[in-house]
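Trainee: Hi! Could you walk me through this one before I set anything up?
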Amino acid sequence: GQRDFVANVSHELRTPLTSIDGFAQAILDGTAADRDAQMHAAQVIHEESDRLARLVDDLLDLARLDAGQMTFARAPVDVNALVARVADRLSLRAQEKEVRLENEVSGLPMVAGDGDRLAQVFTNLIDNALKHTPAGGIVRLRGEALAGEVQLHVEDNGPGIPAEDLPRIFERFYQVDRARRGGAGRGTGLGLAISREIVQAHGGHLTATSAPGKGSCFTVHLPLDLSTASTVSRRRR
């Protein structure tokens with residue numbers, strides 16, 4: 001509960017702070033004497049402070065969601081364009097990781113919601129998929145409209161999620177790979193929790209399926225925007 005959460009927050013803040021302090025000290029006391037050692041120290045300080053900033057942003061988002069203070073715009077959202085924009089933004093990351101990012105999302109109807117917040121969800125899911133897919137792998141984005149909802153899938157062929165971890169991945173600070181604490185490029189452990197809350201605030205839900213060794217698939221279920229049809233016809237009159 002709350003006590004675990006506070007303990008986790010403290011731990012997640014202390015880890016980068018310890019790194020920043022240690023490497024700053026190395027520069028100050030001359031342990032990092034040559035230019036290479038100083039550049040390395042500066043790089044670590046830069047990465048860890050970046051991580052702290054992300055963590056603080058995520059904590060603020062969670063606090064707002066919990067307090068019901070996060071405001072959501074309610075407008076027609078073109079999910080085809082939205083997913084294409086996010087995929088485009090992350091294409092460089094995919095190239096660096098030598099992962100093929102394939103976007104097959106097209107022709108989907110509008111949903112009602114907050115485009116910026118939904119972009120945050122897809123950025124998170126695609127970023128996670130890229131992070132867990134080895135070089136030569138594929139991250140595929142697919143979508144379909146079924147039974148009054150739009151389903152958007154983010155699939156990877158990475159190592160997958162162990163069955164015992166799968167029910168817990170949306171918990172705050174839950175890390176499937178305990179060994180990967182700290183260091184560059186690691187998430188804050190809050191992204192999936194925030195994504196799920198944003199999707200739920202849109203009247204939808206976020207699900208995950210995975211087979212170890214075969215990869216994972218995260219699916220965003222969003223209700224169709226039934227208001228756009230009637231709104232457009234009302235405007236015409």
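This is a predicted model: local features need pLDDT of at least 70, side-chain atom pairs count only at pLDDT 80 or more; totals for chains, interfaces and linings use all residues.

Trainee: How many helices and strands does the protein have?
Mentor: There are seven helices and seven strands. Along the sequence they run α-α-β-α-α-β-β-α-β-β-α-β-β-α.

Trainee: And what share of the residues is buried?
Mentor: Of the 237 residues, 40% are buried.

Trainee: OK, the core. Which residues touch the most other members of the largest one?
Mentor: Leu152 and Val220 do, in a nonpolar core of 46 residues. Helix H5, residues 115-131, gives the most to this core, with eight residues.

Trainee: What does Val220 touch, leaving out residues up to four places away in sequence?
Mentor: Its contacts include Val121, Phe122 and Leu125, and also Val150, Leu152 and Leu206. Two others among them are Gln151 and His205.

Trainee: Switching topic: how many aromatic pairs are there?
Mentor: Two. Phe5 and Phe173 make a tilted pair, 5.7 Å centre to centre with 35 degrees between the planes. Phe5 is in helix H1 and Phe173 in the loop between strand E5 and helix H6, so this pair ties together parts 168 residues apart in sequence.

Trainee: Why does Phe173 count as buried?
Mentor: Because its relative accessibility is 5%, and buried means under 20%.

Trainee: And the other pair?
Mentor: That's Phe170 with Phe218: the centres are 6.3 Å apart and the planes are at 85 degrees, so the pair is edge-to-face. Both Phe170 and Phe218 are buried.

Trainee: Where does Arg172 lie?
Mentor: Over the face of Phe5, 5.6 Å from the ring centre.

Conventions:
Residues are numbered from 1 along each chain as its sequence is written. Side-chain values use heavy atoms; hydrogens and water are left out. A nonpolar core is a set of buried Ala, Val, Leu, Ile, Met, Phe, Trp, Tyr and Cys residues joined through side-chain atoms within 4.5 Å. Buried means under 20% relative accessible area, exposed over 50%, partly exposed in between (1.4 Å probe, protein chains only). Helices (H or I, at least four residues) and strands (E, at least two) are DSSP runs, numbered from the N terminus. Contact means heavy atoms within 4.5 Å. Rings of Phe, Tyr and Trp (its six-membered ring) pair if their centres lie within 6.5 Å; planes under 30 degrees apart count as stacked, over 60 as edge-to-face and the rest as tilted. A charge sits over a ring if NZ of Lys or CZ of Arg is within 6 Å of the ring centre and within 35 degrees of the ring normal.
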